Amino acid sequence: MSVQCVQHPAVSLALGHGLDLPQQAARARAAWVAGRQGRAPLLLVALIWGRRCPNPVHTLGVLLDELFADYACTPEGWSEAQAARQVLAALNLKLFRARREGTAIAQLDVGLLLLCGDQGQFLQAGAIGLLRSREAGLQVLAGREEQSLGGQAELALVQHGLSLDAGETLLLAPQPLFEVADLDAWRGQCGASAPLAAEQLLEPWLQAPGAAVLLRPGATDQAPPVAPAQHWPAVAAAEVGMQVDGWTLLERCRYGPPGRLFRAVAADGRGALLWLADAAADEAFWQREWVLRRSPVRSLPQVLSAREVRRHAFLLFALPGAGARSLEDWCAARGALPAVEALALLVQLLAAVRALQRRGMQGLWLSPRQILRDERGQLLLLPEQAAILPGVTLQALDAEAVPLAPELRRGEAVDGRADQFALAALLYWMLGGRWPEVALPGAPALSHYAPLGERLGDLPAGWDGVLARALAPLPAMRYEALSELQQALEQPLQRRPAPRAGAWLCALWQRWWRRG
């Protein structure tokens with residue numbers, strides 16, 4: 001049994017854990033974190049209970065490290081509760097993806113408490129409950145066994161708003177502990193004329209496997225400890241061998257932004273792609289990271305959690321598949337692609353762009369250098385520049401970027417049809433080996449579409465018309481949705497007649513006959 005106590009005029013707290021079983025343990029942690037948009041700091045308390053979990057103590061320690069590090073790097077524009085919800089949603093999605101790929105995952109239940117003054121929020125994901133001993137009686141906010149993390153892509157979460165009274169007692173613990181405890185006796189101890197200290201009230205809960213946190217709100221007019229201001233500068237002049245917040249840069253990548261994307265390794269042996277920002281992290285930087293965290297498609301990178309709070313502006317991605325190289329390099333080696341192969345790549349890009357659009361990220365620069373293809377044909381888009389991101393003003397893009405929709409270069413209103421234009425330009429480039437004129441910087445206002453069919457003999461019927469529409473200089477002339485573009489490209493291929501039985505034998509006989 002281990003107990004940790006925190007005493008402050010605003011709140012007194014005791015947390016600890018009881019027995020650990022071979023594949024079951026629970027751990028809790030508490031820390032003062034900065035408030036949002038000038039609000040006062042708040043106390044963030046987390047309890048994680050793991051079952052069917054190999055090496056549970058280490059696993060739960062890592063998860064708590066990641067949870068607090070992730071919370072510190074959520075967008076400033078989010079409320080405290082929204083930030084906590086999104087951190088849990090990201091953890092849930094990571095576990096769901098692992099389960100979908102066939103990895104056995106532990107059963108994890110999480111409870112978060114956010115306390116500031118006389119207000120609090122309790123977030124439940126699974127079988128973590130909260131007891132409140134007040135003058136009016138005992139309130140039980142029961143956890144739910146069927147809502148453990150990772151069971152589905154969308155987080156199953158229950159959120160409770162709490163109005164706190166000085167002198168009340170809160171207890172956070174796995175739900176099964178409540179079902180075997182004498183709650184009336186415990187409430188009597190909490191309300192005694194000479195109440196026990198927090199650690200004394202906590203100790204009975206630590207006699208069984210699990211963990212628990214006990215809190216007593218104090219004087220609401222007492223300011224909590226000042227949390228340090230957050231600032232994440234860019235890393236200047238990065239070189240192989242450099243250490244960045246616990247990560248060692250191993251080698252530069254031949255894809256992505258030159259000089260800013262590295263293969264890296266952490267002290268615990270984890271490997272990752274480490275993408276350095278070109279400027280200090282701002283709201284747009286964190287909004288982009290969290291768009292990616294919430295977009296579970298295979299053609300977008302999986303964002304990794306840092307296990308210590310980042311002090312610099314960078315992203316961490318899971319390593320790509322074996323043999324990954326940029327689309328720029330791959331197409332340079334291959335030359336122009338057959339229509340079916342090019343469309344297969346485009347469909348994967350469409351899935352990535354749709355996922356980003358659903359999360360509010362539009363007007364993308366789809367550079368072939370930042371699109372990877374591995375040896376299995378799996379595509380991975382590494383997006384950075386985008387005109388539209390949630391919660392921030394319109395972002396300026398590099399005027400020399402290719403491909404880019406004309407409205408982005410002109411600084412006009414932008415919607416998802418700018419991404420349709422970029423995707424069509426990429427398909428044109430993959431098929432013909434060069435960019436359409438309208439996608440280039442300095443293109444005339446009335447650029448003319450140069451048909452690919454005049455240069456390519458095997459272009460599917462109707463594709464020139466489809467591409468001409470998607471590449472129209474004015475957004476209103478393009479397709480309404482990406483699904484329409486995809487359907488228009490796929491229809492001619494579906495109508496192609498299947499080869500007749502024995503056609504190969506006939507062709508072989510004709511070649512023999514001509515020789516004769």
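This is a predicted model: local features need pLDDT of at least 70, side-chain atom pairs count only at pLDDT 80 or more; totals for chains, interfaces and linings use all residues.
1. Residues are numbered from 1 along each chain as its sequence is written, and side-chain values use heavy atoms, with hydrogens and water left out.

2. pLDDT is the predictor's confidence in each residue, from 0 to 100. The protein chain averages 90, and 93% of the residues score at least 70. Over residues 498-516 pLDDT stays under 50.

3. Why is helix α6 (residues 283-293) largely enclosed by the rest of the structure? Because 11 of its 11 residues are buried, meaning under 20% relative accessible area with a 1.4 Å probe, protein chains only. Helices here are DSSP runs of H or I, at least four residues, and strands are runs of E, at least two, numbered from the N terminus. The cover over α6 includes α1 (56-72), α2 (80-100), β16 (314-317) and α8 (339-358).

4. A nonpolar core is a set of buried Ala, Val, Leu, Ile, Met, Phe, Trp, Tyr and Cys residues joined through side-chain atoms within 4.5 Å. The largest has 81 residues. Helix α10 (residues 417-432) gives the most to it, with 12. A second, separate core of 31 residues includes W78 and L114.

5. An open sheet of six strands runs β1-β2-β11-β10-β7-β8, with antiparallel pairing. Pairing needs at least two DSSP bridges between two strands. β1 (2-8) and β8 (137-141) stand at the edges, each with a single partner strand, so one side of each lacks a neighbour in the sheet.

Methods: Buried means under 20% relative accessible area, exposed over 50%, partly exposed in between (1.4 Å probe, protein chains only). Contact means heavy atoms within 4.5 Å.
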